[in-house]
Amino acid sequence: MVTSVPRLVVAAPASGSGKTTVATGLMAALAARGLAVSPHKVGPDYIDPGYHALATGRAGRNLDAYLCGPSLIAPLFRHGADGCDIAVVEGVMGLYDGAAGEGELASTAQVAKLLGAPVVLVVDASAQSRSVAALVHGFVSWDPQVRVGGVILNKVGSDRHEGLLREALESVGVPVFGVLRRTDRVGVPSRHLGLVPVAERGSAAVDAVSAMGALVSQGCDLDGLVALARSAGPLPGDPAPWTPGEFPAHDRPAHPVGKPRPRVALAGGAAFTFSYAEHAELLTAAGAEVAVFDPRRDEELPDGTDGLVIGGGFPEVYAEELSANEPLRQAVARLAERGAPVAAECAGLLYLCRELDGLPMCGVLDASARMAERLTLGYRDAVAVGDSALAAAGTRMRGHEFHRTAVEPGAGAAPAWGMRVPERRLEGFVQRGVHASYLHTHWASEPGVARRFVERCRTS
């Protein structure tokens, strides 16, 4: 059990500064030294943790104070970092950027304070020299409770450029832990929702992470960064670790004699890569057997499937393959028709529609999906409109929308959620055992949804 793991936060003044390259490279470089590295990502992002997992061999985990609440950040961190030698937390956006209109909530700065972790600031120095001192001074002094322990200068053009930057930073008194030159060899391709996920890139992703590790190892003071991480004391408040089995055993229905654990099929593969590690852990703790399958390739659901969870991802990229797998589409439709619990988020919602960009999907929902010009992005505050296999009416959850698609109609006769923030509207579908919505939620904030889902799998 973790009592005080060495830890640091990799942050930046703004998006695009190189946080992912540095954080992933640092994880890979430390793992190459034989350290057990615990990878974490601030915010709701699913893609960066995939690269973190590739770098460390451990599940990448998110720390989102909006989705889960500030009080769960340190416990979730302890859960993920159990048994590790060091933890690296990649920030989100700029250091002090958080949920719109919510002050510091969900910002990297807030998470750093909740973890009592020192911050390393990654600065894109490509278009500045002496001004870097003013920039760093501003970030160091803005919030005295945020400890900026040093900087890593990224995209430095030459030895002369490096000398000018170091000279300027001497006046600030913040150590320089690394200097990375401009290079294209660590680039990761992007598209409409950010980086291309690891699952889609195969060996190219492995090569990219290896290149990031080499870049950081060669350009950064790893010993200094480890020493900075070790300077972090006990976690504030010394919280107990979060556990997926924290609910009392007597609150969990017993299995009928001779009946196996209910089996929950979890969609995976390149088309469905968006899933928080804690979801499968919660389902397992609630008594389910989780079986992962690939909707692009598997023509049947796992044997004995009692319930189905389809998370987010990029079904629009793989629409032709998903549509061509007619046997599985029919199997999903039959499962839903018999009333089995089905929880679908975002990509899962599209997959359950009648069609996606004109291609047949599962036809569980009488709705049509298509690519859209506008990106829908942001935190949401929602309440369950009625009872479903996932949530009781009135259950309030915070979530996140992140898609460039549209579903028509946007809500069924029985909507899944009533959105409260940023605007009031009805969204999603509840029919028979199906709960389908664009809203991504983190079940650790409301473990009862996993318990409820598994219990419905037992009784449906």
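**A walk through the predicted protein chain**

Let's start with charge: the protein chain carries 43 positive and 50 negative side chains, and the centres of these two sets lie 2 Å apart. Here Lys and Arg count as positive and Asp and Glu as negative, while His and the chain ends are not counted; each charge is placed at NZ of Lys, CZ of Arg, CG of Asp or CD of Glu. Please keep in mind that this is a predicted model, in which local features need pLDDT of at least 70 and side-chain atom pairs count only at pLDDT 80 or more, whereas totals for chains, interfaces and linings use all residues. Residues are numbered from 1 along each chain as its sequence is written, and side-chain values use heavy atoms, with hydrogens and water left out.

Now for the overall build. The protein chain has 14 helices and 22 strands, taken as DSSP runs numbered from the N terminus (helices are H or I with at least four residues, strands E with at least two). Along the principal axes, its C-alpha atoms fill a box of roughly 70 × 50 × 40 Å. Of the 460 residues, 57% are buried, meaning under 20% relative accessible area with a 1.4 Å probe, protein chains only. Contacts (heavy atoms within 4.5 Å) reach along the sequence too: among those between residues at least 6 apart, 75% join residues at least 24 apart.

Next, find His52 in helix 2, which covers residues 47–56. Its relative accessibility is 0%, so His52 counts as buried. The side chain of His52 makes a polar contact with the side chain of Glu90 at 2.7 Å; such a contact is a pair of N or O atoms within 3.5 Å, where within protein one must be able to donate a hydrogen and the other to accept it, and residues adjacent in sequence count only if both atoms are side-chain atoms. Leaving aside residues up to four places away in sequence, His52 also touches Thr24, Met27, Pro39, His40 and Lys41, among others.

Move on to helix 9, residues 222–230, whose buried residues are Leu222, Gly224, Leu225, Val226, Leu228 and Ala229. Asp221 caps the N-terminal end of helix 9, with a side-chain oxygen 3.4 Å from the backbone nitrogen of Asp223.

Finally, Thr395 sits in the loop between strand 16 (368–384) and strand 17 (396–408). With a relative accessible area of 16%, Thr395 is buried. Its side chain reaches the backbone oxygen of Ala392 at 2.7 Å. Not counting residues up to four places away in sequence, Thr395 touches Ala382, Val383, Ala384, Trp417 and Glu446.

Definitions and conventions:
Buried < 20%, exposed > 50% of the residue type's maximum accessible area, 1.4 Å probe, protein only.
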